Amino acid sequence: MDNPRTIVQQFDLVTTRSQMTLGVMASGHLVCLYLGPRLASRASFKNLLTDLNHASYLADTDGVHNFRLEQLPLAYPTFGNPDLREPALVVADETGSRITDLRFDHLETYPHKPAITGLPSARWDEQTRTWAFVLKDERLHLQVTLVISADEDHDVFSQHVICTNQGSHGLTIERAFSFNWDFLSDQYQMLNLTGAWSRENHLQWTPLKQGFQGVDSKRGASGHGQNPFIALAAPGTTWDHGQVIGVNLVYSGNFIAQANVDMHQNTRLQIGINPFNFSWQLNAHRTFKTPEATIVIAEHGLNELSARYQRFYQDNLMRSAIAKTPRPVVINNWEATYFNFNKQSLLTLAKKAKQVGAEMFVLDDGWFGQRNNDTSSLGDWIPNTKKLGGSLTALIKEINQLGLHFGLWVEPEMVSPNSDLYRRHPNWIVADEKHQPQLTRSQYVLDMSRSDVQDYLIDTLDTLLTENNIEYLKWDMNRNITDAYTQTVPPRRQGEFEHRYMLGLYSVLKALVTKHSRLLIEGCAGGGGRFDAGMLAYCSAIWTSDDTDAIARLPIQEGTGLLYPAAAMSAHVSAVPNEQIGRKTSLTTRRIVAEQGCLGYELDLTKLTAAELAAIQTQIASYKKLRRILQFGQLIRLPVAEPGNQWAWLKKTADQIIVDRVTVLVQPNTVEKRQRLTGLPPNALYFEQQTQRTYAADFLMQVGLPVDRPTGDFFSQRWILSRV
Ligand code: GLA
């Protein structure tokens, strides 16, 4: 036999600027050969692995001395063979054996990208090509297909995996990751987005070390504490320098995103459904499809990574009917009234909102059932006519007559024990038959894997949307899943529940947006507890955090905006002192930070002075003029002298740039210098409104704009530049 490590087939998957090269070794194993910037000329990787020195004390493979699978870069490692590292796939057969040995069978190519039934995934366009690498374990009659698409124009790869049982015996999948890549190096920094409720998605950098590292969720939602994302970056990577490889999962449930550095300084990067408490029965002739992972390679730092993710999600993942529709200026009554409102107070707020220029009145929690606090009525999506002073239809009509569109808060996945729905269907909740299920915020979770629950929600929400002129839904989810158990599958299949919950949720969302194609949905989960690419496929925006303080929002929006489009980050100007952390910031700073995302207002306008109302009116008028660039311009983070204390970013279209800068704490007797810009076309000229000067792009990038001396803490400044 030839050297089993010789590459006998090489596949170069390329986009305009990136390349993913896989190969088949003489042994038949599919291996990872290269993931990085596109190589200028076609390189042969034939001997990449034969050139590798042997590691010691590893098992031999296929009876070949020194053929050590464990040190080789495998594309989809399994369990029970000589690679004793972390598998990407674990499958048990009817005897209980988990030994799996996948070898490459054949390749199929498509000029497009197949949809993943039941799951959200990016759409294909003419620029997309797909390679399906079909692997087989003949003894198990198991076929595993890695479906990899390359979007040439967006410079994005995506991968999902299809497992097919081609035999007559049942198999059980115990894990099936969406993406696995083995690097022959450990010289990376890992980047994750981590945090908590009210401080979601902060960037977290850690140098890789030997062993496990990464993030995961077992909460039944992607969660506030971590995002389904992991990146490996060259040491010293910044927003503008350094190579980064990012992987994001298009999924909203339990996930794992991890890097394992083995004893020979190799790194295995994996992302997928969390194998914890997961299993899936794969009956004869059935298939299982994993969620999609999106893979972006940037050569020049996080701004490039961010631009590619944002543009790709905007163009190919978000609903095309709404992705590029200008988002309305929202007024949300939550922090203005909480549960304490009536028709009169809502209309008074709406009138003020109209007066300042808001466009969409969103009625938050408390409009239905008997809900005057958070202890009752979830599930009873029937308007409280007493509180609304008549029907919801009549209220909406009056709000529409004021010249405002209307949006409504719902929390469909939940039920209060004190609700008619629960009294009618106590068995619809997530619970087992022995334990008293846990309450959080006085609510249970509905079992979204049940088709009767899905039908009830589709029917109820469709009726609300059909009978009323509701153009916007805020879809909330205010607790995580405990007591994970479902009555819909037999005992040995309980590991399917949490994934089935997600499939149920996606099917309800899909049914609603299919019927109501213009409906804007704002996702929410106690703030950013489910801000992920799965929800983004249905939502025009997602409430970024329950923390509305402008300064606290800076790192939250920095991390969230690394991947997700700026227009999808809901951000509201709220009252001072801030309701969550008591900080006082100026209206200007609150607005500048909120305009980094999708601007709204969430405060009691009736308590503001005439001067404050006039200021908001001016803000909104100017926002409308700049809306196209603020919502759809490319978001670029700018270098500052004091990271963490100074924050600067710009939004850019072909003809305009808006530069914003915030200083958190002012320092005595420091001399503010200039704000340098990045990412401008080299020979362009710009006219800046505030200084009334014309600048060359290279001057702006090398020397910068003059910065004002802060007049106090939380100082902000904006420059507007037009291309001349
Ligand atoms: C969650 C949301 C808030 C608000 C409340 C209503 O906490 O994040 O914005 O909608 O629920 O109960």
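Start at the interface of domain 2 and domain 3, where the rule finds 2 salt bridges. A salt bridge here is a side-chain nitrogen of Lys or Arg within 4 Å of a carboxyl oxygen of Asp or Glu. Some ground rules before going on. This is a predicted model, where local features need pLDDT of at least 70, side-chain atom pairs count only at pLDDT 80 or more, and totals for chains, interfaces and linings use all residues. Residues are numbered from 1 along each chain as its sequence is written, and side-chain values use heavy atoms, with hydrogens and water left out.

Now the layout. The chain is assigned domain 1 (7-316), domain 2 (330-636) and domain 3 (638-723). Those bounds come from an automatic or database domain assignment. Taken over C-alpha atoms, the centres of domain 2 and domain 3 are 34 Å apart.

Next, area. The size of an interface is often given as the accessible area lost when the parts come together. Between domain 2 and domain 3, about 2,000 Å² is buried, and carbon and sulfur atoms give 66% of that. Buried area is the accessible area, with a 1.4 Å probe, that two parts lose on being put together, summed over both. In domain 2, the residues losing the most area to domain 3 are Ile 592, Ile 629 and Ile 636, together 34% of what that side buries.

Polar terms. There are 8 residue pairs in polar contact between domain 2 and domain 3, both residues at pLDDT 80 or more. A polar contact is a pair of N or O atoms within 3.5 Å; within protein, one must be able to donate a hydrogen and the other to accept it, and residues adjacent in sequence count only if both atoms are side-chain atoms.

Over the whole structure, the search finds 37 salt bridges. Glu 359 and Arg 627 form one, with closest N and O atoms 2.9 Å apart. Glu 359 is in the loop between helix 4 (343-356) and strand 21 (360-363) and Arg 627 is in helix 12, so this pair ties together parts 268 residues apart in sequence.

On to the ligand. There are 13 residues around it, and Asp 364, Asp 365, Arg 441, Lys 474 and Asp 546 come nearest. The criterion is a heavy atom within 4 Å. Asp 365 puts a polar side-chain atom 2.6 Å from a ligand oxygen. For Asp 546, that distance is 2.4 Å. Trp 409 has a side-chain N or O atom 3.1 Å from a ligand oxygen.

Last, backbone details. Val 576 and Pro 577 are joined by a cis peptide bond, omega about -10°. Pro 577 sits in the loop between strand 28 (569-574) and helix 11. Ser 198 has a positive phi, near 75°, in the loop between strand 10 (189-196) and strand 11 (199-207).

Terms used
Helices (H or I, at least four residues) and strands (E, at least two) are DSSP runs, numbered from the N terminus.
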